[in-house]
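Hi,

Here is the structure I said I would pass on. Have a look at it first, and then read my notes below.

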Amino acid sequence: KSRRSNMVKELACRKCKCVTTGKICPACKSSDLTQYWEGIVIVANPEESRIAKTLKITVKGKYALKVT
C-alpha cells in the first residue's frame, strides 16, 4: 500500500518546536525538522502571551507541544 497522500506534511522543528510545511524552520532557520510531534499551540502575540513566555516562544506562529 502506498504511503503517499495529498495532504501536506507538517513538520516540527527540534530546536524551537515551530510547525512548518517547508524544509527550513521559519522561526529559527534550523533544518532539523521531524514529522514526530504532538499537540499544538498558536501564538499570535508572543510579547503579551503567558503561554509563549512559559514555552520560551518569541516569534508568532504554530508550535508543537511535544517533539520527539
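Let's start with L65, which sits in strand β5, the stretch covering residues 61-67. Bear in mind as you read that this is a predicted model. L65 has a relative accessible area of 46%, so it counts as partly exposed. Together with I51 and L55, L65 makes up a nonpolar patch on the surface, and the three share about 270 Å² of accessible area.

S49 belongs to the loop that runs between β4 (37-43) and α1 (50-54). Is S49 buried or exposed? It is buried, because its relative accessible area is 17% and the cut-off for buried is under 20%. One is the backbone nitrogen of I51, which the side chain of S49 reaches at 3.3 Å. The other is the backbone nitrogen of A52, 2.9 Å from a polar atom of that S49 side chain.

Now for the charged pairs. Side chains of opposite charge can pair when their charged atoms come close. How many salt bridges does the structure hold? There are 2.

One of them joins the side chains of E10 and K62, at 2.8 Å from N to O. E10 is in the segment before β1 and K62 is in strand β5, so this pair ties together parts that lie 52 residues apart in sequence. Both ends are partly exposed: E10 has a relative accessible area of 30%, and K62 has 28%.

With T21, which is 11 residues away along the chain, the C-alpha to C-alpha separation is 4.7 Å.

The other salt bridge is between the side chains of D32 and R14, at 3.0 Å from N to O. This pair also links distant parts of the chain: D32 is in the loop between β2 (19-20) and β3 (33-34), while R14 is in the loop between β1 and β2, 18 residues apart. D32 is partly exposed at 33% relative accessibility, and R14 is partly exposed with a relative accessible area of 42%.

That's what I have for now.

Cheers

Note on methods. Residues numbered from 1 in each chain as written. Predicted model: local features only at pLDDT ≥ 70, side-chain atom pairs only at ≥ 80, totals over all residues. Heavy atoms only, no water. Helix = DSSP H or I, 4+ residues; strand = E, 2+ residues; numbered from the N terminus. Buried < 20%, exposed > 50% of the residue type's maximum accessible area, 1.4 Å probe, protein only. Polar contact = N/O pair within 3.5 Å; in protein donor to acceptor, adjacent residues only side chain to side chain. Patch = residues over 30% accessible without salt bridge, like charges linked within 9 Å, V, L, I, M, F, W, Y side chains within 5 Å. Areas by Shrake-Rupley, 256 points an atom, 1.4 Å probe, with all protein chains shown as cover. Salt bridge = Lys/Arg side-chain N within 4 Å of Asp/Glu carboxyl O.
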